[in-house]
Amino acid sequence: MATTTIGIILNGATGRICSTQHVANALAPIRDEGGLPAGDDRIVPRLMLAGRNAEKLAAVAKSYGAEWTIDLDKALADPAFTVFFDAAATSQRQSVLERAVAAGKHIYSEKPVALSVDKGLELLRAMNAKGLKHGAVEDKLGLPGLQK
């Protein structure tokens, strides 16, 4: 049985959505349980929490045994981290995702991924052109506010 580690950068890690739903309730428990089975092998997440506030990041990272950084460009340049998850402010998401795509990271994001359909399609085309895997959180798409 082989174990594969997948480095995941989680941007906006001190926000409730990222720290609670994605780190505390999903990724940290998966890691702590030895990863996910994939055939005869296991896939284990390695977590890099990213954000703007070093003090808050350090506290969240300590709680979940994760690495952390306020230098997003340095994290994006690290080849050990191949997946980028964004849960930061919606107004910043498009530009941050563009940087992650330019760095060749596979993308998973809260929605919306951009502030307009045209900009979202530009991102999609850029990801597809680079052969990157991508997706957006879909668990709340049916909520009334998002439907409006």
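**Strands and helices**

Q: Which residue in S7 stands opposite Ser 109?
A: Ser 109 stands opposite Ala 136 in S7.

Q: Before we go on, what kind of model is it, and how are residues numbered?
A: This is a predicted model, where local features need pLDDT of at least 70, side-chain atom pairs count only at pLDDT 80 or more, and totals for chains, interfaces and linings use all residues. Residues are numbered from 1 along each chain as its sequence is written, and side-chain values use heavy atoms, with hydrogens and water left out.

Q: Back to S7. How many bridges pair S6 with strand S7?
A: Three bridges, in the parallel sense; S7 covers residues 134–136. Two strands pair if DSSP finds at least two bridges between them. Strands are DSSP runs of E, at least two residues, and helices are runs of H or I, at least four, numbered from the N terminus.

Q: How does the chain get from S6 to S7?
A: The chain crosses through H5, and this β-α-β crossover is right-handed. Right-handed means that, with the strands pointing away from the viewer, the path from the first strand over the helix to the second runs clockwise.

Q: Which elements make the other right-handed β-α-β unit?
A: S5, H4 and S6 make a right-handed unit. Strand S5 (residues 81–86) and S6 run parallel, joined by four bridges. Val 83 stands opposite His 106 in S6.

Q: Which side chains of S6 are buried?
A: Ile 107 and Ser 109, which point to one face of S6 (residues 106–109). Buried means under 20% relative accessible area, exposed over 50%, partly exposed in between (1.4 Å probe, protein chains only).

**Helix packing**

Q: New topic. At what angle do H4 and H5 pack?
A: About 10 degrees, with their axes 10 Å apart. H4 spans residues 90–102 and H5 spans residues 117–130. Axes are lines fitted to C-alpha atoms, for helices over the stretch in contact, and angles run from 0 to 180 degrees between N-to-C directions.

Q: So what do we call that, parallel or antiparallel?
A: H4 and H5 are therefore roughly parallel to each other. Angles under 35 degrees count as roughly parallel, over 145 as roughly antiparallel, 65 to 115 as roughly perpendicular and the rest as oblique.

Q: Which residues meet there?
A: From H4, Gln 94, Leu 97, Glu 98, Val 101 and Ala 102. They meet Lys 119, Leu 123, Ala 126, Met 127 and Lys 130 in H5. Six are nonpolar, one polar and three charged. Ala, Val, Leu, Ile, Met, Phe, Trp, Tyr, Cys and Pro count as nonpolar, Asp, Glu, Lys and Arg as charged, and the others, Gly among them, as polar.

Q: What pairs with S3?
A: Strand S1 (residues 3–11) runs parallel to S3 (residues 41–50), joined by nine bridges. Strand S2 (residues 36–38) runs antiparallel to S3, with three bridges. S3 also pairs in the parallel sense with strand S4 (residues 67–69), over three bridges.

Q: What does Ile 43 face?
A: Thr 4 stands opposite Ile 43, and Ile 43 is also the bridge partner of Leu 36.

Q: And Pro 45, buried or exposed?
A: Pro 45 is buried, at 8% relative accessible area. Leaving aside neighbours within four places in sequence, Pro 45 is in contact (heavy atoms within 4.5 Å) with Ile 6, Ile 8, Leu 27, Ile 30 and Arg 31.
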